Amino acid sequence: EVKRLKVDHCDSIEEQRQVHESFFAHFPPASATALRTRAEKTFKALTLAQALGVDLQEAQKLREGNETLEMTVGRLLADRTAQVVLEAVEKEGRRVTDREVLSVLRLWMFKKNETRQNVLPE
């Protein structure tokens, strides 16, 4: 039986990190490193979600396919940024600038596609 580490009782992400670190101490170094990497990605997504006021339960429901929670939160941020840009464009009666498009694309989390051989860098 696999038991999951529960950190619901923690008030902050920093407290969750401390709980995870004490948990990782019980694993061999190679396994602990892999677990630590995954936990860091989760903490990154949590921090981003908190900054945006995104409900993580809602973000989980919006996930598609093999998307990570971090990708979903990043895409929600990009979507919200694009919405703000479009509202400003309409209000000011102007066109979307290249800089605005680039800022949204930089926020979007793209999944690496290793199966399409025709688009791999040479």
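Six residues form a nonpolar patch on the surface: Leu86, Val96, Val101, Leu105, Trp108 and Phe110. Together they have about 570 Å² of accessible area. The model is a predicted one.

Take phenylalanine 110 from that patch. Phenylalanine 110 sits in the segment after helix 5, which covers 98-107. Is phenylalanine 110 buried or exposed? Its relative accessible area is 61%, so phenylalanine 110 counts as exposed. The cut-off for that word is over 50%.

Now turn to arginine 75. This residue belongs to helix 4, residues 69-92. Its relative accessible area is 17%, so arginine 75 is buried. Buried means under 20%. Which residues does arginine 75 touch, leaving aside its neighbours within four places in sequence? They are Glu67, Trp108, Met109, Phe110 and Lys111.

Alanine 45 is next. It lies in helix 2, residues 29-52. Alanine 45 is buried, because its relative accessible area is 0%. Again leaving aside neighbours within four places in sequence, alanine 45 is in contact with Leu69, Glu70 and Val73. Leucine 69 is 24 residues away from alanine 45 along the chain, yet their C-alpha atoms are separated by 6.4 Å.

| Residue | Relative accessible area | State |
|---|---|---|
| Alanine 45 | 0% | buried |
| Arginine 75 | 17% | buried |
| Phenylalanine 110 | 61% | exposed |

Note on methods
Residues numbered from 1 in each chain as written. Predicted model: local features only at pLDDT ≥ 70, side-chain atom pairs only at ≥ 80, totals over all residues. Heavy atoms only, no water. Helix = DSSP H or I, 4+ residues; strand = E, 2+ residues; numbered from the N terminus. Buried < 20%, exposed > 50% of the residue type's maximum accessible area, 1.4 Å probe, protein only. Contact = heavy atoms within 4.5 Å. Patch = residues over 30% accessible without salt bridge, like charges linked within 9 Å, V, L, I, M, F, W, Y side chains within 5 Å. Areas by Shrake-Rupley, 256 points an atom, 1.4 Å probe, with all protein chains shown as cover. Salt bridge = Lys/Arg side-chain N within 4 Å of Asp/Glu carboxyl O.
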